[in-house]
Amino acid sequence: MLRLETIAEARRWRRAQSGRVGFVATMGALHDGHLALLRRSRAETDTSLVSIFLNPLQFGPGEDLDRYPRDLDADLRLLEEAGADAVFLPTRDVMYPPGFDTAVLVEGPLTQRLEAAHRPTHFRGVTTVVTKLLQVAQADRSYFGMKDAQQLLVLTKLVRDLAIPTTVVPVPTVRAADGLALSSRNIHLDPVQRRASTAISRALDAAEARFDAGERRGDCLRDAAGAVLAAEPLIDVQYVSCAALDTLEELDRVGETALVSIAAMVGVTHLIDNHWLGLPAGLGAPHADLGILPPALRSDL
């Protein structure tokens, strides 16, 4: 596995590749959710590049940048064992050199609601860094997790709007045996908080069960999830949402698809999770899950 530390090195490496290249962008503190992205890339492309960069621009004042877990040696071992071909390890000065004054912002409804309402500078930081990473990687396919649903939708719009020559591939959420979505931040949960956090996935399961039973009223789906969360006193709910995939606008009535999502604080740890309702058959098969994205956002057209 090659280690690339500068943009020039990464571009020379990319020019030397003759087949299809897959790309996975991470902030480190890797777990099996990240490795699922890499495994998908290895299955669908000839060469896989992973980046590790803890992006300060997507953390607002008082957020957990200083507490965000870091273990580069462990990350590199995991990537090498999982078969990454190269890893891009830029420093802050490489990504944001002196005089860096440019920002990339996706405007419109996707960056006005949910996480954006609670973290107003977050997506500006995400879209700026991902634009630069995609320009460096020049990958045929770029893999992002469905756990960060709003981020996935924002990035697919970014790629389509700016005609960035990559296909965004959504990859299903990886969960622990008890249902908790894998997250680098889970390391901060103590055993009691860890058990309490499973209420988030159980709340989403409750909403999805109501949907599968035929319920289409958005308030009933939100209430089903909220009732589970209300029974867990350690969870401080920020929002419970049942929203349209193309705008993230809260739905009075659900059609064929919707995104049910939750954000909460458990102690000082920010957790998010979601279920995509009404997914087509075959989700997870090669290329099939591109169909979850609204046509206006898909980058493979």
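I started with helix 3 (residues 72-82), which lies across strand 1, strand 3 and strand 4. Helix 3 runs at about 170 degrees to strand 3; such angles go from 0 to 180 degrees between N-to-C directions, with axes fitted to C-alpha atoms, for helices over the stretch in contact. Helices (H or I, at least four residues) and strands (E, at least two) are DSSP runs, numbered from the N terminus.

A note on the source: this is a predicted model, where local features need pLDDT of at least 70, side-chain atom pairs count only at pLDDT 80 or more, and totals for chains, interfaces and linings use all residues. Residues are numbered from 1 along each chain as its sequence is written, and side-chain values use heavy atoms, without hydrogens and water.

Six strands make an open, parallel sheet in the order 1-4-3-2-5-6; strands pair if DSSP finds at least two bridges between them. Strand 1 (2-4) and strand 6 (167-171) are the edges, each pairing on one side only. I found three bridges between strand 1 and strand 4 (residues 86-88).

Then I moved to asparagine 274, in strand 9 (residues 269-277). Is asparagine 274 buried or exposed? It counts as buried because its relative accessibility is 3%, and buried means under 20% relative accessible area, exposed over 50%, partly exposed in between (1.4 Å probe, protein chains only).

Last, I looked at what the side chain of asparagine 274 reaches: the backbone oxygen of lysine 147 at 2.7 Å, and that of methionine 146 at 3.0 Å.

Methods:
A polar contact is a pair of N or O atoms within 3.5 Å; within protein, one must be able to donate a hydrogen and the other to accept it, and residues adjacent in sequence count only if both atoms are side-chain atoms. Contact means heavy atoms within 4.5 Å.
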